[in-house]
Amino acid sequence: MAHLLGADRVTLTLGTRTLLDEVSLGLDDGARIGVVGPNGAGKSTLLRVLSGQQPADAGRVTRAGGVRIAVLDQRDQLAPGRTVLDVVHGSADEHEWAADSRIRSVHAGLLADVSLDTEVDTLSGGQRRRVALAALLVRDEEVLVLDEPTNHLDVEGVAWLAEHLVERFGRGQGALVVVTHDRWFLDAVCTRTWEVHDGGVDQYEGGYAAYVLARAERARNASTAEEKRQNLLRKELAWLRRGAPARTSKPKFRIDAANELIADEPPPRDQLSLTRMATARLGKDVLDIEDASVVYGERVLLHDVTWRLGPGDRVGLVGVNGAGKTSLLRLLSGRLEPTTGRVKRGKTVQVAELRQDVEDLDELASLRVIEVIEREKRSVVVGGKELTAAQLVERLGFTRERSSTPVRDLSGGERRRLQLLRLLVGEPNVLLLDEPTNDLDTDTLAALEDLLDGWPGTLIVVSHDRYLLERVCDTQMALLGDGLLRQLPGGVEQYLTLRRTAIAAGGSVTSVLDARPAGEPAAEVSVAAPSEAELRTARKEIARIERRLSRIADQESVLHQKMSEQATDHQAVLALDAELRALAAEKDELELAWLEAAEIVG
């Protein structure tokens with residue numbers, strides 16, 4: 001296998017910090033490398049050194065003769081005044097690229113909602129990211145170096161990019177190095193993992209799942225100082241091994257070793273106990289959206305949506321950009337009133353909302369991290385354990401030194417962590433998280449998920465991070481851009497299937513399913529052109545099933561409440577548990593029937 005690029009005893013110091021200390025590694029033809037590590041550890045620096053953008057203080061970077069490298073950094077610096085066509089294709093004539101199927105695929109996957117004659121100055125952040133990616137992917141350099149390519153991409157865009165990169169480099173032609181905190185993407189794309197920390201680079205075979213196993217094995221054999229880290233890794237590994245069938249296509253790691261490590265590890269969260277606690281804190285009524293519509297001018301973001309949230313519900317929300325996900329969160333939080341319909345809130349509901357911006361910390365710029373948290377509360381109960389503010393700060397990745405850092409000196413990822421901590425110490429019983437993974441490294445994400453596992457309340461998460469959605473949420477729902485809110489018994493995979501169907505029916509990757517004047521009913525997407533009679537029957541079946549699923553959810557809430565009230569009566573709890581199991585079995589059958597009907601309707 002041909003050697004393309006490498007580092008030989010490379011050292012680099014910035015200020016007083018040594019980011020790379022005699023690092024040696026190599027990149028061969030066909031390699032797909034995922035780079036992970038804490039924020040500030042030197043991941044982006046490593047990419048700049050390998051690509052020749054930044055010289056090393058010592059050592060050397062080796063490159064095979066004639067090897068060309070294309071680099072995507074985090075800044076998306078597009079020359080002002082140029083059009084999308086100029087940025088992506090330069091001065092090339094259309095006939096030179098339009099006949100290339102690979103380039104057409106890039107256009108369909110990344111530029112479907114962007115006109116090629118649009119000036120880049122007018123694009124949104126997400127559009128600029130896709131244009132920068134497209135400009136790189138249409139080229140034929142042997143080595144691609146990508147720094148956070150999934151930033152600003154939705155679930156569908158991430159899935160397309162993963163498929164494209166695997167197809168491009170899966171034949172052993174060229175190599176890929178990618179820094180990303182998207183753990184699903186790491187598993188879907190990468191065959192090896194580099195972990196950058198403490199000036200060194202540890203190398204692992206496989207994607208994220210194999211990397212977690214290898215780290216857990218190393219931690220088990222390390223000193224007792226690593227015990228806390230080991231326990232968290234074992235918990236995440238246990239979840240990976242117990243994961244949904246949709247993840248069985250991920251790289252297979254050593255089953256015996258994994259089973260040995262997690263032999264006594266309980267599930268990441270006890271759903272029954274958490275639901276009991278949530279019911280006690282919230283009561284039966286939490287948030288009910290009834291026949292609500294949200295209309296901006298002629299745009300219908302939500303159309304006659306009815307959604308009932310119960311105590312302990314943990315819902316992941318996905319959807320195309322601009323479909324109304326953030327507006328739906330604003331409805332739930334009370335920051336937005338529906339155009340029609342209403343939102344009912346339970347009497348005991350206390351909502352906390354994590355927004356995408358971090359500007360709400362500007363007024364606290366002079367305070368230290370620990371002072372910000374102690375102003376909210378000096379202790380908080382998580383997972384049945386009381387944590388002091390200092391313990392909570394440490395648990396979410398702030399060292400003792402960093403916890404004394406003024407807010408104004410925090411990085412983007414640290415400010416995001418501080419936002420989350422402020423919400424959690426307020427002990428809300430309804431938590432709304434809008435893209436919580438922005439700027440967080442994989443270790444911090446694991447710590448966040450560990451905290452959320454023990455958090456008793458109703459949780460709604462909007463995210464493009466599939467791993468997070470599957471890890472902390474029990475159900476997924478989707479806004480496909482037609483104003484309707486759909487339940488996804490099949491999870492994110494079902495969402496992607498629905499979107500592919502929409503595209504095949506004439507839509508686009510990033511556009512809404514159908515454009516219609518305000519007030520008109522939403523159009524359904526058909527599969528293989530079923531007859532009108534079949535469509536009517538399928539729609540009626542879906543409506544019937546969703547009504548029954550809603551009733552089952554209400555019945556489950558009642559049963560959980562009764563179990564909480566009769567917790568000391570063993571016989572009563574057994575009888576109630578039998579009823580819950582019967583409802584769960586019926587729900588499984590209904591969800592299968594829903595999927596069959598959804599395949600007809602689309």
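A crossing of two helices is called right-handed if the near helix is turned clockwise from the far one by less than a right angle, and left-handed if anticlockwise. The model is predicted, so local features need pLDDT of at least 70 and side-chain atom pairs count only at pLDDT 80 or more, while totals for chains, interfaces and linings use all residues. Residues are numbered from 1 along each chain as its sequence is written, and side-chain values use heavy atoms, leaving out hydrogens and water.

**First stop: α13 and α15**

Select residues 369-376, helix α13, and residues 412-425, helix α15. (Helices, H or I of at least four residues, and strands, E of at least two, are DSSP runs numbered from the N terminus.) Their axes lie 9 Å apart at an angle of about 20°. (Axes are lines fitted to C-alpha atoms, for helices over the stretch in contact; angles run from 0 to 180 degrees between N-to-C directions.) That makes α13 roughly parallel to α15 (angles under 35 degrees). The crossing is right-handed.

Now show the side chains of V369, V372, I373 and E376 on α13, and of L418, L421, R422 and V425 on α15, which make the contact (heavy atoms within 4.5 Å).

**Second stop: the sheet**

Next, colour the open sheet of six strands, ordered β14-β17-β18-β12-β19-β20 with mixed pairing. (Two strands pair if DSSP finds at least two bridges between them.) Which strands stand at the edges? They are β14 (351-354) and β20 (485-488), each with a single partner strand, so one side of each has no neighbour in the sheet. Select β17, residues 430-434: four bridges join this strand to β14, and the two run parallel. L354 stands opposite L433 in β17.

Conventions
Parallel < 35°, antiparallel > 145°, perpendicular 65-115°, else oblique. Pairing = 2+ DSSP bridges.
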